[in-house]
Amino acid sequence: MAVDLDLAPKRKRPAGEPCCEALVHPDVSSAKADRIAALGKVLSDPIRVQLVDVLRKAPGQVCVCELQPLFDVSQPTLSHHLKKLRDAHVVGVERRGLWAYYHVLPDAMKELQEWLS
């Protein structure tokens with residue numbers, strides 16, 4: 001079976017000329033990509049993933065005093081992880097006196113889920 005090949009000599013492409021046409025273009029805007037990347041970054045720590053897992057399965061808000069015994073980290077470290085999740089708008093907090101009660105925000109993972117599906 002013979003195949004006809006067009007063998008042209010190589011030529012140097014001028015500066016700025018693309019080598020080929022892109023076949024696929026991103027559907028995600030820069031702003032949405034920033035948000036998805038921020039979610040990915042905040043969830044890149046195993047303790048944060050476990051915190052979100054505990055909070056999403058809880059029937060209501062969870063006191064920080066209930067979270068502390070679940071993790072083998074100091075209280076300041078746990079607070080740091082919770083702050084990172086709050087800053088990324090993954091979890092919300094309600095303060096009652098000395099205690100803080102955490103919960104997963106309803107639409108926190110919506111963008112990530114939509115992008116992954």
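User: What makes a contact here, and what do the buried residues of helix 2 pack against?
Analyst: Contact means heavy atoms within 4.5 Å. The buried residues of helix 2 pack against helix 1, strand 1 (62-63), helix 3, helix 4, strand 2 and strand 3. Helices are DSSP runs of H or I with at least four residues, strands runs of E with at least two, numbered from the N terminus. The model is predicted: local features need pLDDT of at least 70, side-chain atom pairs pLDDT 80 or more, while totals for chains, interfaces and linings use all residues. Residues are numbered from 1 along each chain as its sequence is written, and side-chain values use heavy atoms, leaving out hydrogens and water.

User: Which residues of helix 2 are called buried, and which exposed?
Analyst: Buried means under 20% relative accessible area, exposed over 50%, partly exposed in between (1.4 Å probe, protein chains only). I47, R48, L51, V52 and L55 are buried. The arc is taken from the axis to the C-beta atoms. P46, R56 and K57 are exposed, on the face turned away.

User: How do you know that the length of helix 4 fits its residue count?
Analyst: The expected span is 1.5 Å times one less than the number of residues. For the 13 residues of helix 4 (75-87) that gives 18 Å; the end C-alpha atoms are 18 Å apart, so the two agree.

User: Why are the buried residues of helix 4 said to line one face?
Analyst: L78, H81, L82 and L85 are buried in helix 4. They fall within an arc of 95° seen down its axis, so they line one face.
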